[in-house]
Amino acid sequence: MDGCLIYYGMEETLFDKLWNQHLVQSLDGGEDLIAIDRVFLHERTGSVALMSLVDSGRKAVRPEHVFCTMDHIVSNKSDRDKDDARTPDGDVFISATRRAAKKAGVNLIDVLDANQGIVHVISPELGIAQPGLTLVCPDSHTCSQGALGALAWGIGSTDAEHAIATGCLRIKKPRQMRINVDGALGSGVSAKDLVLHIIQTLGVDGAKRCAVEFSGDAISAMSIEERLTLCNMAVEFAAFTAIIAPDETTIDYVKGKKFAPSGQAWNDAKAYWASLVTDNGAEFDFDYTIKAADVVPTVTWGTNPSQAVAITGEVPSLDASSERALEYMNLRPGTAITDLKIDGAFIGSCTNARLSDLRIAAKILEGQKVASGVTAICVPGSMAVRRAAEAEGLDKIFKAAGFEWGAAGCAFCFYAGGETFSPGSRVISSTNRNFEGRQGPGVRTHLASPAIVAASALAGRISLTS
Ligand SMILES: CC(C)[C@H](C(=O)O)[C@@H](O)C(=O)O
Ligand code: SF4
């Protein structure tokens, strides 16, 4: 063995690489100081960070790398004004956020800006989230942006202020999990079905404090928009974040985006991104393999995203943990999912309101009418998505079918006060959370893919086909 060096445990995961490349210092007490490349804020929680920063006389260390959008409480009316809000007194909040963002000198994507939209939709769309960058945002679905190969995670408002002021955050390194999805998803089986299947299998705490890397043939075959849907819901099974190694699909997606590197910087970035893979032999704390062929169109029946079932299945039989959920959802065990009549259908949110989602729904809706008694709403994830959809005539299809066509924002994904579905409504929704009251007091949410939402809107009950 002379002259032969054997390294044990030198192989790194993609997550290790990004963590180590951003490690400023290991601190006493098990925390690390991590360099933060981008901070994204929104008016609901980011505003708190911005206002506190401005009020305390602190400055953004790199204001050009801080972005603030208005998405959570803005009105989704097509003719909205710059201060129209969904919440009582929301206008005051929006204008205060605007003032603080301007004072702090950060990039403001205001309500009427052409680039406005939901943070996790516009960050990739504008090339702000990029492979290899660390990105934080005071919002739990920041994990979505790991789809680009970025190390992106949700933080609190205080940490956001700290990251803006110092460009660093102290944090304990999470555990690591790999979920390898082998083979190809069946036709008509979407990224949303896959993530609901994973959460149903692992449970809502299944990836507690883990950075989850998604890999395998089914992931490589996905578009970036599908990967964003998948990573979006990592937090719904308690993950610290999700990440997917950048590949040709990622490079093609990022190329030419507003904030993407260009010229020589683009070539350098591509060379660096090629190194962002998990080494063969690198170890994870948890390593799962899922067969893509086992995944079927899936819908939630309960009040957390793990309470899910095949659309061809039934409301499961009662156990102690599901009793409350069944009561809230007004369901009886043994009822076929496709026998559930709906009152509302919603396509929107950072999970499933990108152009590909709208195209899938429009294909199903074309030339058809929403069932009577169903309130159907589509809110594109960003104004760019809305414009692109309109350029293809998708808005006309949605409207002709009886859908409302909104301006971008979080809108009916979460209840912030203001207009929503009426109490007791059963709503099929392309969003990511089905908690009690999530879409409004007493509203009963069933999570599903945009295809299922569209088909159900036409059928007037949960359905895979109209
Ligand atoms: C309001 C915001 C902090 C919250 C989040 O963290 O995710 C919201 O976006 C949500 O989806 O519940
Ligand atoms: S669309 Fe919904 S899940 Fe996404 S950031 Fe907004 S409120 Fe949160």
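Ala, Val, Leu, Ile, Met, Phe, Trp, Tyr, Cys and Pro are counted here as nonpolar, Asp, Glu, Lys and Arg as charged, and the others, Gly among them, as polar. The views show a predicted model, in which local features need pLDDT of at least 70 and side-chain atom pairs count only at pLDDT 80 or more, whereas totals for chains, interfaces and linings use all residues. Residues are numbered from 1 along each chain as its sequence is written, and chains are lettered from A and ligands numbered from 1 in the order in which they are written.

**View 1**

**View 2. The shell around ligand 2.** Around ligand 2 stand His72, Ile118, Asp139, His141, Ser349, Cys350, Cys410, Cys413, Phe414 and Asn432, and this shell divides into five nonpolar, four polar and one charged residues. Because domain 1 (8-296) and domain 2 (299-459) both give residues to the shell, ligand 2 lies between them.

View 3. The chain is assigned a domain 1 (8-296) and a domain 2 (299-459), with bounds that come from an automatic or database domain assignment, and the C-alpha centres of the two domains lie 24 Å apart. The contact takes 38 residues from domain 1 and 33 residues from domain 2, where two residues are in contact if their C-beta atoms, placed from the backbone, lie within 7 Å. On the side of domain 1 that touches domain 2, the elements giving two or more residues are α4 (119-125), α6 (191-202) and α8 (224-232); helices (H or I, at least four residues) and strands (E, at least two) are DSSP runs, numbered from the N terminus. Helix α6 gives the most to this side, with five residues, and the residues of this side of domain 1 divide into 12 nonpolar, 17 polar and nine charged.

**View 4. An open sheet with parallel pairing.** Four strands form this open sheet in the order β11-β10-β9-β12, with parallel pairing, two strands being paired if DSSP finds at least two bridges between them. Strands β11 (241-243) and β12 (286-291) are the edge strands, each pairing on one side only. Strand β9 (residues 175-182) pairs with β12 in the parallel sense over six bridges, and isoleucine 179 has tyrosine 288 in β12 as its bridge partner.

Methods. Near = placed C-beta within 6 Å.
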